[in-house]
Amino acid sequence: MAPAAQAPLKTPKIKAQSRNLDFYYSDFKALKSISMPIYENKVTALIGPSGCGKSTFLRCFNRMHDLYPGHRYGGSIDLLPDEIDLLHPSVDPIEVRMRLSMVFQKPNPFPKSIFENVAYGLRVRGEKSKTYIEDKVESALKGAAIWNEVKDRLDEVAVNLSGGQQQRLCIARSLATDPEIILFDEPTSALDPIATGAIEELIAEIKNKVTILIVTHNMQQAARCSDYTAYMYLGELVEFGETEEIFFKPKRKETEDYITGRFG
């Protein structure tokens with residue numbers, strides 16, 4: 001008796017996608033016609049050698065480049081299911097940054113209390129209810145797996161926390177505004193191995209409620225944490241696919257050379 005045919009893996013929903021995305025630092029073209037999906041409630045890792053455009057691509061999603069003169073975009077980044085082009089001039093970049101939070105390479109807590117760090121985005125959004133803010137702060141700190149460590153010291157200045165705690169606080173700050181996507185720009189490069197492991201475990205947990213795009217130089221981290229991987233080189237997308245496929249059965253020789261350490 002022939003075995004039953006295995007059902008094909010269901011492709012997840014697309015949460016955002018870049019279409020022919022170009023980006024220029026003045027006259028320098030840093031990104032070249034990148035088209036790529038970001039799947040909902042999945043972790044997508046961006047890998048490639050330094051200067052290949054990973055962080056530049058990441059920062060297009062929440063319009064961080066708008067903060068500097070002379071930068072310009074081409075193409076689009078569509079946020080679904082609303083079908084909003086995040087790069088369109090009519091779209092408010094502040095609102096974009098509420099819907100797409102960012103966690104940076106080095107922890108960057110504000111010079112405020114632990115509580116006010118997490119409440120910051122809610123206050124910027126105009127939230128006035130004390131009870132609502134308190135509930136959201138507690139929920140975000142629990143979501144970032146740091147509540148038990150800070151619940152009795154919420155009025156303390158955040159910079160008194162350890163590096164790993166500060167980074168989890170920054171993740172809590174991102175979670176508090178209920179973002180649809182969190183952008184991680186090498187979030188563990190400044191942390192020790194134990195803190196790195198804690199952040200990786202946290203990423204695995206929070207992807208159940210938020211979509212994640214992460215830049216990492218650590219290929220072992222990409223292999224451990226991500227569902228999909230994109231390999232970039234010189235501003236171009238060389239290959240994109242499921243992480244297991246990219247690491248064990250890459251379609252492009254350039255990808256294989258990078259993954260195996262023969263290049264980069």
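## Aromatic pairs

Tyr25 is partly exposed, because its relative accessible area is 31%; with a 1.4 Å probe and the protein chains only, buried means under 20%, exposed over 50%, and partly exposed in between. The model described here is predicted, so that local features need pLDDT of at least 70 and side-chain atom pairs count only at pLDDT 80 or more, while totals for chains, interfaces and linings use all residues. Residues are numbered from 1 along each chain as its sequence is written, and side-chain values use heavy atoms, with hydrogens and water left out.

The structure contains 8 aromatic pairs. Between the rings of Phe23 and Tyr25, the centres are 4.9 Å apart and the planes stand at 85°, so this pair is edge-to-face. The rings of Tyr39 and Tyr228 form a tilted pair, because their centres are 4.6 Å apart and their planes are at 40°. Tyr39 belongs to strand S2 and Tyr228 to strand S9 (residues 228–233), so the pair ties together parts that are 189 residues apart in sequence. Both tyrosines, Tyr39 and Tyr228, are buried. One aromatic cluster is formed by Phe23, Tyr25 and Tyr73.

Rings of Phe, Tyr and Trp (its six-membered ring) pair if their centres lie within 6.5 Å; planes under 30 degrees apart count as stacked, over 60 as edge-to-face, and the rest as tilted. Helices (H or I, at least four residues) and strands (E, at least two) are DSSP runs, numbered from the N terminus.

## Charges over rings

The charged end of Arg72 sits over the ring of Tyr24, 4.0 Å from the ring centre. Likewise, the charged end of Arg173 sits over the ring of Phe110, 4.0 Å from the centre of that ring. A charge sits over a ring if NZ of Lys or CZ of Arg is within 6 Å of the ring centre and within 35 degrees of the ring normal.

## The largest pocket

The largest pocket has a volume of about 500 Å³. It is lined by 19 residues, and those closest to its centre are Arg97, Met102, Phe110, Tyr120 and Arg173. Helix H2 (93–99), strand S6 (100–103), helix H3 (114–124) and helix H6 (163–175) each supply at least two residues of the lining. By class, this lining has 11 nonpolar, 6 polar and 2 charged residues; Ala, Val, Leu, Ile, Met, Phe, Trp, Tyr, Cys and Pro count as nonpolar, Asp, Glu, Lys and Arg as charged, and the others, Gly among them, as polar.

A pocket is found on a 1 Å grid over the protein atoms alone: whereas a cavity is a set of points where a 1.4 Å probe fits but cannot get out, a pocket is an open set with protein on both sides within 12 Å along at least five of seven lines, and lining residues have an atom within 4 Å of a point. Grid points are joined across faces, edges and corners, and a volume is the space filled by probe spheres set on the points.

## The second largest pocket

The second largest pocket holds about 220 Å³ of space. Its lining comprises 16 residues, of which Ser50, Gly51, Cys52, Gly53 and Thr56 are the closest to its centre. Strand S2 (28–39) and helix H1 (54–60) each supply at least two lining residues, and the largest share, 4 residues, comes from S2. The lining is made up of 5 nonpolar, 7 polar and 4 charged residues.

## The buried strand S8

Strand S8 (residues 211–215) is largely enclosed by the rest of the structure, because 5 of its 5 residues are buried. Thr211, Leu213 and Val215 point one way from S8, while Ile212 and Ile214 point the other way. In a regular strand the side chains alternate between the two faces of the sheet.

Strand S3 (residues 43–47) runs parallel to S8 and is joined to it by 4 bridges; two strands pair if DSSP finds at least two bridges between them. Leu46 has Val215 in S8 as its bridge partner. Strand S7 (residues 181–185) also runs parallel to S8, with 5 bridges joining them, and Ile182 stands opposite Ile212.

## Backbone features

Most residues other than glycine have a negative phi, and most peptide bonds are trans. A cis peptide bond, with omega of about 5°, joins Leu80 and Pro81. Pro81 is placed in the loop between strand S4 (71–79) and strand S5 (84–85).

Ala145 is not a glycine, yet has a positive phi of about 55°. Ala145 is found in the loop between helix H4 (130–143) and helix H5 (147–150) and counts as partly exposed at 40% relative accessibility. Glu186 has a positive phi of about 50°, although it is not a glycine either. Glu186 is found in the loop between S7 and helix H7 (193–206), and its relative accessibility of 12% means that it counts as buried.
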